[in-house]
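These are my notebook entries on a structure that I had not examined before.

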Amino acid sequence: MSYTIEGRTGPWEVVIGLEVHAQVTSKAKLFSGAATEFGAAPNSQVSFVDAGFPGMLPVINEECVAQAVRTGLGLKAEIHLWSRFDRKNYFYADLPQGYQISQFAHPIVGTGTVEITLADGSTKQIGITRLHLEQDAGKSLHDQHPSKSFIDLNRSGVALMEIVSEPDMRSPEEAGAYLTKLRQILRYLGTCDGNMDEGSMRADVNVSVRKAGEGFRTRCEVKNVNSIRFVMQAVEAEARRQIEVWEEGGTVDQETRLFDTGRGVTRSMRSKEDAHDYRYFPDPDLPPLVLEADWVESLKASLPELPDERRARYVAMGLSPYDAHVLTLERETAAFFEAVARGRDAKTVANWVTGDFFAALNRTGLGVEESPVSAAGLGELLDLIADKTINGKIAKDVLAIMFETGERPGAIVDARGLRQVVDTGAIEAAIDQVMAANAGKVAEYRSGKDKLFGFFVGQVMKAMQGKGNPALVNEVLKQKLG
Amino acid sequence: MSLDIPTVRRIAALARIRLEEGELAQAQAELNGILGWIEQLQAVNTEGVEPMAGGGAVALRPRPDAVTDGGIADQILANAPDRQGEYFGVPKVVE
């Protein structure tokens, strides 16, 4: 079922394209040697180049270029061996140069594609139009003084990748899935940390609506949306606004809007109406950016395994597509799973990682990389089940203790006497005791009430503090009751 | 090609250069003079010549990804007309 919004005049389709600004992971800025680290003291990571002082010349950071190329390769896009920087001219207090160095006419990366997976398990290809390198602007603080804004230029000049999609998305879900997937690819590649809270990834959302079978109608751009959830909300809010305009007999004007997260509506940014004449021209400070094909090939050869490939490999290892999807969402999770699965049954490991391990992490609110239970620790626990030292039920308790105390599973099992009882004598004794205490139920069972078998298993396990070997308990119980 | 007065006014606004009404005609004459000179250049036959962005180096020379600059907030802020602690103060700009 394709997604539509019901208006008074019938259903409307929604058309969405995204421009994502992703901060390049690098030590220094795109054109200067100042640091990029988040959270430094104001204006402490600023060089004269970043502050737009006269006579300063930009010199490009080769790692930023490499990161853009890696990202392009990860998006299965064409890499342009010849690209160029332009000046995008506008005035704003946080843009000291009076222009942003960007790539307008000749971006470094051309068309590519991203495959998204939707909740119903279906997949869809989203086209990438281009990726280009550009400088970030400084940061304005508006809440520090009643009549002034404060400017911090630490971010000024940091390298950004602007990744532009085709208008291929048709629902908030698809827009959310695209952004999630893009973030996942960037994080796997290590080219952007994808940290939306710190502004490392921000999206401009282009939205239009239309009736089935029509061409595109006028779109509006919702600027600077900083979470996946807000992107999905902004799409729906903006689409509903446009539908109302069309249904009232009006026309949608192409304009830039802001999403008000508190009220859940978009509003016009009228003050920038005049700012769209950017008068781009080639930056005379910067000759063209020319890449060697061999260098691009060497970057390609050193790319890490990407999420789609890794997911396919996990399915080939015997995992369900769902488990493979969940385990590959974050690179750290996949690495943890692989460390545990080395030399062990992949399916069993996947069940434990996605089941009890994730549940315990969620309870503690920790990420995989901060887990008190290491991959080696979990692996040791699974070995104790495999060699029948403990049963699966006790293993869950041991895992909980591991999370609490950080102890190794072997030590926990020994110290607390949790070894599985495989001595049939002990099991028989426990069964005899339970049968004696429940003579009435034994009679009921023998007269045909088979369902009571589970009750007996439970009682026996309880009598044995959960340490009975379940297979043996079942077997002996059947003999004795039968 | 020649610019009319409204276009001159718009260019001045985009460049944040304040021109009084009385100054527009002079700016128009100067800009049109420059455009006329560029038109002369366009008479040159450039058939088969690749467009170029400059005449010096043929390609960018990169630098390594190392932190070599920054940590000079006082110098960065030295010329600020309205320094506010470690920040530049500017008239409030709110959307």
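Entry 1. I count two residues as in contact when heavy atoms of theirs lie within 4.5 Å. The model I am reading is a predicted one. On that basis I looked up chain A and found that, of its contacts with a separation of 6 or more, 69% are between residues 24 or more positions apart.

Entry 2. I next noted the overall form of chain A. Its C-alpha trace spans about 95 × 55 × 50 Å along the principal axes. The radius of gyration is 30 Å, whereas a compact globule of 482 residues would have one near 23 Å. I recorded 15 helices and 16 strands in chain A, and 51% of its 482 residues are buried.

Entry 3. I then asked which residues touch the most other members of the largest nonpolar core. They are I108(A) and Y178(A), in a core of 109 residues. Domain 1 (5-298) and domain 2 (305-416) of chain A each contribute at least three residues to this core. Beyond its neighbours within four places in sequence, Y178(A) contacts residues including L18(A), V20(A), I163(A) and M169(A). I found another core apart from this one, with 19 residues, among them V421(A) and F456(A).

Entry 4. Lastly, I traced an open sheet of four strands with antiparallel pairing, in the order 8(A)-9(A)-2(B)-1(B). Strand 8 (139-141) of chain A and strand 1 (83-84) of chain B each have a single partner strand, so one side of each lacks a neighbour in the sheet. Two bridges join strand 1 of chain B to strand 2 (residues 87-91) of chain B, and R83(B) stands opposite F88(B) in that strand 2.

Note on methods:
Residues numbered from 1 in each chain as written. Chains lettered and ligands numbered in written order. Predicted model: local features only at pLDDT ≥ 70, side-chain atom pairs only at ≥ 80, totals over all residues. Heavy atoms only, no water. Core = buried A, V, L, I, M, F, W, Y, C linked by side-chain atoms within 4.5 Å. Buried < 20%, exposed > 50% of the residue type's maximum accessible area, 1.4 Å probe, protein only. Domains from an automatic or database assignment. Pairing = 2+ DSSP bridges. Rg over C-alpha atoms; globule rule 2.2 N^0.38 Å.
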